[in-house]
Amino acid sequence: MKTYRIGVIGLGQRIAHVLAAMVEVGWRLEVAGQADPAPVGAPILAQAGIPMGRDFESPEALLAAGPYDLVMVGSPNHLHFAHINAALDAGWPVFAEKPIVRTEEESLALAARLAKGPETQGGGPPLFIGLVMRSMPIVREVIRRLDAGELGELVSVDATEHLPAEHGGYLARNWRRRQAWGGSYLLDKVCHDFDIFGRLAGARPAKIASFGGRRIFTAERAETAPRTWDTGEAAYMFDPGWMGANDAFQSDMDVTDHQSALIEYENHVRLSFHANSHVGLPERRWYLAGTEGALIADLVRNRLMVRRALSRAKPERIDFGERTEDAHNGADQAMARDLLATLETGAAFPVTPFDSLEAGLTVMAIDRAMETGEMLDCRPMWARYDAALGR
Ligand SMILES: NC(=O)c1ccc[n+]([C@@H]2O[C@H](COP(=O)([O-])OP(=O)(O)OC[C@H]3O[C@@H](n4cnc5c(N)ncnc54)[C@H](O)[C@@H]3O)[C@@H](O)[C@H]2O)c1
């Protein structure tokens, strides 16, 4: 294996963790340089024993100092569009973090570029998106079981993501608290899940309703909300990073802290989703109900349970183990292996930029349905997307 020469735009916590996972699974790599005004990921990289490389004053300066075997984009979400386009213009293979972009306008513009461009037609630099759940063994098994017909036809899905309190506090203080930087709570946090739901449903959303708001991290609760754990430690005390706010309750946060959504897919698969960013009982769980069987994927405990509807036997349980502190449960390492296999052997990466765009547009539609308070007909949005693709 050659030593991969890597350039990084936005060396935050995420790219530092991904680089550490890459080294852990056997990549030979050198971070040749990075462009980041204040790299939040520096200590993580140092802990992994990976030198940061040259400090470039701008992404343009970094890109001009190629060649690179991979340019990794890990900037806040509002910068992805510019950084991905610049990296593709420079002609180096690109790995960019999710969500691929932040707005519908950016999604359509990137879709148009990718539909025409060599990136997806062969010959040009490829674009890989870090929708890391696609690489998780448990998620692969869910997809495999459904595709193998073990549940019959998928009828309905119930899904959740409930975050531990400190994670919610982080979102309320980090750049993700602002739509202008992060997009929305759901776009940043669960575009992963909606990517998989679209794959499982095998169709695009047709109609969406959503309700959500801010009832946890509010100025009204600033005085009364508990700020100490029952063990005596102070809560919400962490470095909030780039553009961080001082206080989780008194910031300029304009995204939701809890939200629910109902979706009917074009093929009449129905899905309900519930997310809360500050709970005592964390959960990320997908309940898939098919005509002939049901499956529960517990993504926090990394466990799967399956049983046919007409079975009186005990449910089949699979424990995937590999539980890690970051709740990614080995996903980063699995994605690092997938990416290496793609670059070394040409094996297909588990998710395409188009899957990523559709997942993003789905979540943006959920947010639009919430803002209008009306049920959203998704057809005009998909017509705009298909037009951008030249279909
Ligand atoms: N796949 C996953 O599971 C996962 C997990 C966490 C984050 N992410 C994604 O990774 C990305 C980064 O998130 P993070 O948690 O690492 O955030 P972070 O705040 O730790 O890092 C963001 C970095 O971008 C830098 N930055 C700001 N402006 C910049 C500019 N103009 N040019 C270059 N760099 C700039 C900041 O200084 C910071 O170091 C986001 O898109 C996020 O959604 C993905």
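Predicted model: local features only at pLDDT ≥ 70, side-chain atom pairs only at ≥ 80, totals over all residues.
**Exercise 1. The faces of helix α5**

Task: work out which residues of α5 are buried, how they are arranged around its axis, and which residues are exposed on the other side.

Solution. 
- Step 1. Locate the helix. α5 spans residues 104-116, 13 residues in total. From first C-alpha to last it reaches 18 Å, close to the 18 Å expected at 1.5 Å a residue.
- Step 2. Pick out the buried positions. These are Glu106, Ser107, Leu110, Ala111 and Leu114.
- Step 3. Look down the axis. The buried residues of α5 fall within an arc of 135°, so they line one face of the helix.
- Step 4. Recall the geometry. An α-helix has 3.6 residues a turn, so residues three or four places apart point the same way.
- Step 5. Turn to the other side of α5. Glu105 and Lys116 are exposed there.

**Exercise 2. The six-stranded sheet**

Task: give the strand order of the open six-stranded sheet, name its edge strands, and find the bridge partners of tyrosine 4 and methionine 72.

Solution. 
- Step 1. Write the order. It runs β3-β2-β1-β4-β5-β6, with parallel pairing.
- Step 2. Find the edges. β3 (54-56) and β6 each have a single partner strand, so one side of each lacks a neighbour in the sheet.
- Step 3. Take β1 (residues 4-9) and β2. They pair in the parallel sense over six bridges. Tyrosine 4 has leucine 29 of β2 as its bridge partner.
- Step 4. Check the burial of β2 (residues 29-35). Five of its seven residues are buried, so this strand is largely enclosed by the rest of the structure.
- Step 5. Take β4 (residues 70-73) and β5 (residues 94-96). Three bridges join them in the parallel sense. Methionine 72 has phenylalanine 95 of β5 as its bridge partner.

**Exercise 3. The nine-stranded sheet**

Task: trace the open nine-stranded sheet, then follow the pairing from β11 to β12, from β12 to β13 and from β13 to β14.

Solution. 
- Step 1. Write the order. It is β14-β13-β12-β11-β7-β10-β9-β8-β15, and the pairing is mixed.
- Step 2. Find the edges. β14 (316-319) and β15 (376-377) have a single partner strand each, so one side of each is left without a neighbour in the sheet.
- Step 3. Pair β11 (residues 283-290) with β12. The sense is antiparallel, over five bridges. Tyrosine 287 is bridged to isoleucine 296 of β12. The two strands form a hairpin with two residues between them.
- Step 4. Pair β12 with β13. This pair is antiparallel too, over six bridges. Leucine 295 is bridged to valine 306 of β13. Their hairpin has four residues between the strands, and asparagine 302 in it takes a positive phi near 60°.
- Step 5. Pair β13 (residues 303-308) with β14. They run antiparallel over four bridges. Arginine 303 is bridged to aspartate 319 of β14.
- Step 6. Separate the faces of β12 (residues 293-298). Gly293, Leu295 and Ala297 form the covered face; Ala294, Ile296 and Asp298 form the uncovered one. In a regular strand the side chains alternate between the two faces of the sheet.

**Exercise 4. Leucine 146**

Task: decide whether leucine 146 is buried or exposed, and list the residues it touches beyond four places in sequence.

Solution. 
- Step 1. Leucine 146 is in helix α7 (residues 137-147).
- Step 2. Apply the cut-off. A residue is buried at 20 or more C-beta neighbours within 10 Å. Leucine 146 has 21 inside 10 Å, so it counts as buried.
- Step 3. List the contacts. Leucine 146 touches Leu151, Leu154, Leu200 and Leu288.

Terms used:
Residues numbered from 1 in each chain as written. Expected span 1.5 Å × (residues − 1). Buried ≥ 20, exposed ≤ 12 C-beta atoms within 10 Å, placed from the backbone. Arc of directions from axis to C-beta. Pairing = 2+ DSSP bridges. Contact = placed C-beta atoms within 7 Å.
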